[in-house]
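Please keep the sequence and the structure in view while reading.

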Amino acid sequence: MIASRDIINLLLNPTKLKVTCFMCFKESNDLLNIYENSIYTASPSRSIRLASVIREIFPIQKIYLQHACQQCVDLILNIYTHLRRKKYIEEGEIKQRQL
Ligand SMILES: [Zn+2]
């Protein structure tokens, strides 16, 4: 857990912003920029930026940092896939009831 004081110090230090994961706050030089990296959806011609995925999963969460570690990206994609599958199934069930 990161303390509020640590978050303030992090936000005031531009060099640390680029090497800190927005989700787990681990420092690494091997982070993905969530605004530049995309994932491909079931439709090969359609991709979605990681930042959009994160906003969909955490709609009220402010995102102050722009980078994520691979472990957090994997976790985000697992959550996103689960939620999309659930929504797809629920929409299918609603269509079945309407027939
Ligand atoms: Zn992380």
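Among contacts in the protein between residues at least 6 apart in sequence, 48% link residues at least 24 apart; two residues are in contact if their C-beta atoms, placed from the backbone, lie within 7 Å. The structure is a predicted model, in which local features need pLDDT of at least 70, side-chain atom pairs count only at pLDDT 80 or more, and totals for chains, interfaces and linings use all residues. Residues are numbered from 1 along each chain as its sequence is written.

**Elements and overall shape**

- The protein contains 4 helices and 4 strands, where helices (H or I, at least four residues) and strands (E, at least two) are DSSP runs, numbered from the N terminus.
- Read from the N terminus, the order of the elements is α-α-β-β-β-α-β-α.
- The protein is more spread out than a compact globule, because its radius of gyration is 17 Å, well over the 13 Å that the globule rule gives for 99 residues.
- The radius of gyration is taken over C-alpha atoms, and the globule rule is 2.2 Å times the number of residues to the power 0.38.
- The C-alpha trace spans about 60 × 30 × 15 Å along its principal axes.

**Burial**

- Of the 99 residues, 14% count as buried.
- A residue is buried if 20 or more other C-beta atoms lie within 10 Å of its own, exposed if 12 or fewer, and partly exposed in between, with C-beta atoms placed from the backbone.

**Residue I39**

- I39 belongs to strand β2, which covers residues 38–40.
- I39 is partly exposed, as 15 other C-beta atoms lie within 10 Å.
- Apart from neighbours within four places in sequence, I39 is in contact with S47, I48, L50, V53 and L77.
- I39 and I63 lie 24 residues apart in sequence and 19 Å apart in space, C-alpha to C-alpha.
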